[in-house]
Every structure is written in C-alpha cells, then in structure tokens.
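Subject: Structure handover

Hello,

Here is the structure I promised to pass on. Please keep it open while you read the notes below.

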Amino acid sequence: LLGYVNRIINVLWISLGMAIILGAIGGILSSRGLTKPIVRLVSQVRKSDLRGELKFTASGLTELDELSSAIEITNKLMLESATRLSKIIEMFGLPIVAYEMNHKTLHVSVTKNFWKTLGQFEDVENPEYYHFINLISKITSNPEENEPDVFKMNLDDEKWIRYKVIKSEDTTIGVIMDVTAEILDKMQIKS
C-alpha cells in the first residue's frame with residue numbers, strides 16, 4: 001500500500017518538475033517572440049533619417065504595428081507642417097530663413113534660401129556642425145547699436161540681419177531675417 005502512495009508522490013514530483021521546465025521554456029520562447037519585434041522597431045527608429053518620411057516594417061503584433069503607424073503618421077504630419085510653413089514664407093517673399101542644430105547628433109538643417117539670405121555662396125542643405133557654429137559666431141560678431149538682435153554682416157558690406165535664437169539642451173533653433181532695407185531707411189531718416 002505504501003509503495004503505491006510513494007509511486008503517486010514520485011509521479012506528482014515528476015509532473016511538477018516537468019510543468020516547471022515546460023513553463024520556463026514556454027515563457028522564454030514567448031518572451032523572445034514578443035521582444036524581438038520591439039527590438040527590431042527600436043533599431044529601425046534609430047537608423048531612420050528623421051528628416052524624411054518614416055516607414056516601418058510590420059511586426060505581426062497588432063499593438064506594435066499600431067504604434068509604428070502612429071509614429072509614421074505623426075512624422076508625416078510634422079513634415080507637411082514644416083513644408084507648408086516654408087511655402088507660406090516663400091509665397092510672401094519674406095527674407096526669413098531658419099536653421100536647426102542638434103547637439104547630440106551634430107546635425108544641422110537649414111531652410112531653402114538660407115545661404116542666399118546671408119549672402120553666402122554655399123548652398124548646402126546640411127552643413128558641417130562645427131563649421132556652422134563658426135559661421136553663426138561670425139555673423140553675430142557685429143551688433144548694430146540701438147537695434148536689439150540686429151547684426152551687420154561684415155564691416156565692408158551694407159547688409160544687416162535680425163537674429164533670434166531658441167536654445168534647449170539638445171537643439172538650437174535660429175531664425176534670421178534680412179533687415180537691410182529697414183536699417184537703411186532708419187539711417188536715411190536720422191541723417
């Protein structure tokens with residue numbers, strides 16, 4: 001009678017051990033199946049050029065695919081908004097240009113007529129980061145007296161700009177407007 005009970009106890013222990021082992025294997029396999037698509041999406045986001053339209057491959061996980069789609073839509077709306085604003089400024093013929101510097105990626109983006117407005121011969125959409133910092137320092141080295149945020153481009157040239165900047169930990173956004181006509185008018189009135 002005790003042999004039968006001991007055999008049942010052994011079968012229960014073996015069953016418990018098998019259940020634990022199968023549960024652990026199942027848990028490992030299912031966690032890998034869930035984390036692999038997430039890791040793939042993170043890798044795609046990191047490798048993406050965030051200045052262009054984003055497109056991610058489907059993961060097969062509904063929630064993750066919905067998140068990917070939301071990121072793609074947000075990116076598309078942001079690009080459309082930026083393009084729309086640039087077109088509006090261009091339609092009005094305003095001498096306004098802008099740039100954005102990302103201090104983590106060392107990337108610089110400039111608007112369409114940036115170099116032309118500054119009287120520069122370069123026409124580079126994404127200039128080299130440190131070269132661009134030197135250029136901004138040079139541009140802002142000759143402040144105009146009694147004119148806040150206005151700088152004379154160089155001492156030989158009669159060209160003035162108004163420069164506004166917003167800095168954060170990761171980025172610097174600058175807006176530049178050619179105010180030469182305004183300054184020349186003010187000078188003419190004063191004389």
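Leaving aside its neighbours within four places in sequence, which residues is Lys159 in contact with? Lys159 touches Lys116, Thr117, Leu118, Gly119, Phe151, Lys152, Met153, Asp178 and Thr180. Contact here means heavy atoms within 4.5 Å.

Before the rest, two ground rules. This is a predicted model, where local features need pLDDT of at least 70 and side-chain atom pairs count only at pLDDT 80 or more, while totals for chains, interfaces and linings use all residues. Residues are numbered from 1 along each chain as its sequence is written, and side-chain values use heavy atoms, with hydrogens and water left out.

**More on Lys159**

Lys159 sits in the loop between E3 and strand E4 (160-167). Helices (H or I, at least four residues) and strands (E, at least two) are DSSP runs, numbered from the N terminus. Is Lys159 buried or exposed? Lys159 counts as buried, because its relative accessibility is 15%. The cut-offs are these: buried is under 20% relative accessible area, exposed is over 50%, and partly exposed is in between (1.4 Å probe, protein chains only). The side chain of Lys159 also makes a polar contact with the side chain of Asp178, at 3.1 Å. A polar contact is a pair of N or O atoms within 3.5 Å; within protein, one must be able to donate a hydrogen and the other to accept it, and residues adjacent in sequence count only if both atoms are side-chain atoms.

**Helix H2**

H2 covers residues 62-92. Its 31 residues, at 1.5 Å a residue, should span 45 Å. The expected span is 1.5 Å times one less than the number of residues. The end C-alpha atoms of H2 are 45 Å apart, so the two values agree.

The buried residues of H2 are Leu64, Ser68, Glu72 and Asn75. Why might such a spacing turn up in a helix? An α-helix has 3.6 residues a turn, so residues three or four places apart point the same way. H1 is included in what covers the buried residues of H2.

Take Glu72 in H2. Glu72 has a relative accessible area of 15%, so it is buried. Not counting residues up to four places away in sequence, Glu72 touches Leu54, Lys55 and Phe56. Lys55 is 17 residues from Glu72 along the chain, and their C-alpha atoms are separated by 6.3 Å. Just after H2, Gly93 takes a positive phi of about 70°.

**Salt bridges**

Side chains of opposite charge can pair when their charged atoms come close. A salt bridge is a side-chain nitrogen of Lys or Arg within 4 Å of a carboxyl oxygen of Asp or Glu. How many are there by this rule? The count comes to 7 salt bridges.

- Lys104 pairs with Asp170, with the closest N and O atoms 3.6 Å apart. The pair links distant parts of the chain, 66 residues apart: Lys104 is in the loop between E1 and E2, and Asp170 in the loop between E4 and strand E5 (171-178). Lys104 is exposed at 62%, and Asp170 is partly exposed at 30%.
- Glu147 pairs with Lys186 at 3.1 Å between the closest N and O atoms. Glu147 lies in the loop between H4 and E3 and Lys186 in helix H5 (residues 180-190), so the pair ties together parts 39 residues apart in sequence. Glu147 is buried at 14%, and Lys186 is partly exposed at 33%.
- Asp149 pairs with Lys164, the closest N and O atoms being 2.7 Å apart. Asp149 lies in the loop between H4 and E3 and Lys164 in strand E4, so the pair ties together parts 15 residues apart in sequence.

Glu147 and Lys186 also belong to a network of salt bridges with Arg162 and Glu182.

**Two loop residues**

Leu106 and Asn146 each have a positive phi of about 60°, although neither is a glycine. Leu106 lies in the loop between strand E1 (96-102) and strand E2 (107-110). Asn146 is in the loop between helix H4 (129-139) and strand E3 (150-152). Leu106 is partly exposed at 39% relative accessibility, whereas Asn146 is exposed at 70%.

Best wishes
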